[in-house]
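Here is a short note to read beside the model. Please follow each point on the structure as you go.

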Amino acid sequence: MRGKHRIIIQNNRLHYEFEIKRNITIIQGDSATGKTTLINMLRQVENLGDSSGIDVISDVPCRILEGRNWKILLENMAGNIIFIDEDNEFINTEEFAEAVRGSDNYFVLITRENLYNLPYSVEEIYGLRSSGKYQNTKRVYQQMYQIYSNIQDVPVKPARIITEDSNAGYEFFEAAGREKGILCESAGGKSNIFNLIRNVKDEEVCVVADGAAIGPEMNRLYKQAEKAKNITLYLPESFEWIILKSGLIEGKDLQKILEEPEKYIDSGEFFSWERYFTKLLVNMTEETYLKYRKAHLNKAYLHDKNKRQILKSIEGIVL
């Protein structure tokens with residue numbers, strides 16, 4: 001499944017309207033914000049059909065998944081947007097994560113917990129609120145808003161850079177930072193970033209991580225960055241996305257892909273957008289001097305002209 005899908009769920013009292021464009025969307029928020037009501041409305045539609053008095057407007061089917069037989073039900077679903085409420089404990093399991101991997105569906109998970117088994121984007125973590133439009137009608141209009149829409153207070157001139165992993169991205173930032181006297185260290189994985197930044201003292205620190213999969217860590221990273229004003233989170237889709245966006249690589253339809261990735265990324269093939277951009281960069285450079293491998297950076301990317309072009313496209317850090 002791929003593409004962006006606009007969904008409207010409404011009755012004579014409530015109107016939900018939002019767009020879904022990735023395989024995993026998270027809806028968080030406190031009680032009484034309309035999350036459970038959304039699930040209940042979809043459940044009524046499934047059980048009662050038109051007699052429910054609820055309209056679901058979508059170009060693909062919207063379904064709910066729940067209960068002990070969730071896995072059997074999911075195996076027989078394809079091309080759906082599947083809504084799951086936090087009361088279903090299976091969403092926290094590795095078994096569910098494996099079922100999502102390779103599934104030809106989009107998932108909307110309504111939960112206040114951090115789902116560490118799933119790689120979801122910082123851009124796809126939402127809350128629900130009344131939109132304020134049509135205030136003089138009896139119907140309440142509910143819309144989603146990005147919880148972490150204003151986290152990247154960039155650009156920043158850091159004294160220290162912390163990268164998510166120790167692969168090609170780290171090697172690039174370490175080399176570029178060394179030239180400017182900036183220390184760069186690897187966290188060795190996204191789950192280790194928090195332990196590094198909570199011990200930061202007075203220096204200006206910038207965390208560079210893959211925004212496409214950092215979602216499960218965002219709650220505590222965001223709180224720590226808010227608490228310590230000298231910590232900045234720079235969360236591009238991935239390092240491979242930075243390279244593709246820089247203009248260093250030429251390829252047919254590349255600009256179109258970068259502008260609307262959801263049209264090209266199949267949820268059944270790619271667990272996260274980060275994996276898609278990695279494969280795209282590998283394929284586009286395979287027979288060139290810029291041949292890319294994630295595990296170890298091709299030194300051609302550190303040649304002065306190439307390095308400067310990549311750095312120029314990095315909006316979050318001034319080196």
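1. **The second largest pocket.** Sixteen residues, written 16 in the count, line the second largest pocket, and P119, K190, A213, E274 and R275 lie nearest its centre. On a 1 Å grid over the protein atoms alone, a pocket is an open set of points with protein on both sides within 12 Å along at least five of seven lines, and lining residues have an atom within 4 Å of a point. The volume of this pocket is about 230 Å³. A volume is the space filled by probe spheres set on the points, with grid points joined across faces, edges and corners. The lining has nine charged, five nonpolar and two polar residues. Here Asp, Glu, Lys and Arg count as charged; Ala, Val, Leu, Ile, Met, Phe, Trp, Tyr, Cys and Pro count as nonpolar; the others, Gly among them, are polar.

2. **How to read the values.** This is a predicted model: local features need pLDDT of at least 70, side-chain atom pairs count only at pLDDT 80 or more, and totals for chains, interfaces and linings use all residues. Residues are numbered from 1 along each chain as its sequence is written, and side-chain values use heavy atoms, with hydrogens and water left out.

3. How many cavities of 30 Å³ or more does a search of the whole structure find? It finds three. A cavity is a set of grid points where a 1.4 Å probe fits but cannot get out. The largest cavity holds about 130 Å³ of space. It is lined by 17 residues, and D165, G169, Y170, D210 and F239 are the closest to its centre. Helix 4 (168–179) and helix 7 (239–245) each supply at least two lining residues. Helix 4 gives the largest share, four residues. By class, the lining has eight nonpolar, five charged and four polar residues.

4. **Helix 1.** Helices (H or I, at least four residues) and strands (E, at least two) are DSSP runs, numbered from the N terminus. Helix 1 covers residues 35–48, and its 14 residues should span 20 Å at 1.5 Å a residue. The expected span is 1.5 Å times one less than the number of residues. The end C-alpha atoms are 20 Å apart, which agrees. In this helix, K35, L38, I39, M41 and L42 are buried. Buried means under 20% relative accessible area, with a 1.4 Å probe and protein chains only. These five cover an arc of only 155° around the axis, which puts them on the same side of helix 1. The arc is that of the directions from the helix axis to the C-beta atoms. Just after helix 1, G49 takes a positive phi of about 65°.

5. **Aromatic pairs.** The structure holds 12 aromatic pairs. Rings of Phe, Tyr and Trp (its six-membered ring) pair if their centres lie within 6.5 Å; planes over 60 degrees apart count as edge-to-face. W70 and F96 make an edge-to-face pair, 5.7 Å centre to centre with 70° between the planes. W70 lies in helix 2 (residues 70–75) and F96 in helix 3 (residues 94–100), so the pair ties together parts 26 residues apart in sequence. F96 and F107 are also edge-to-face, at 5.9 Å and 90°. F107 sits in strand 7 (residues 106–110), 11 residues from F96. Both F96 and F107 are buried, and W70 is buried too. Ring pairs link W70, F90, F96 and F107 into a cluster.

Key. Buried < 20%, exposed > 50% of the residue type's maximum accessible area, 1.4 Å probe, protein only. Phe/Tyr/Trp six-rings, centres within 6.5 Å; stacked < 30°, edge-to-face > 60°.
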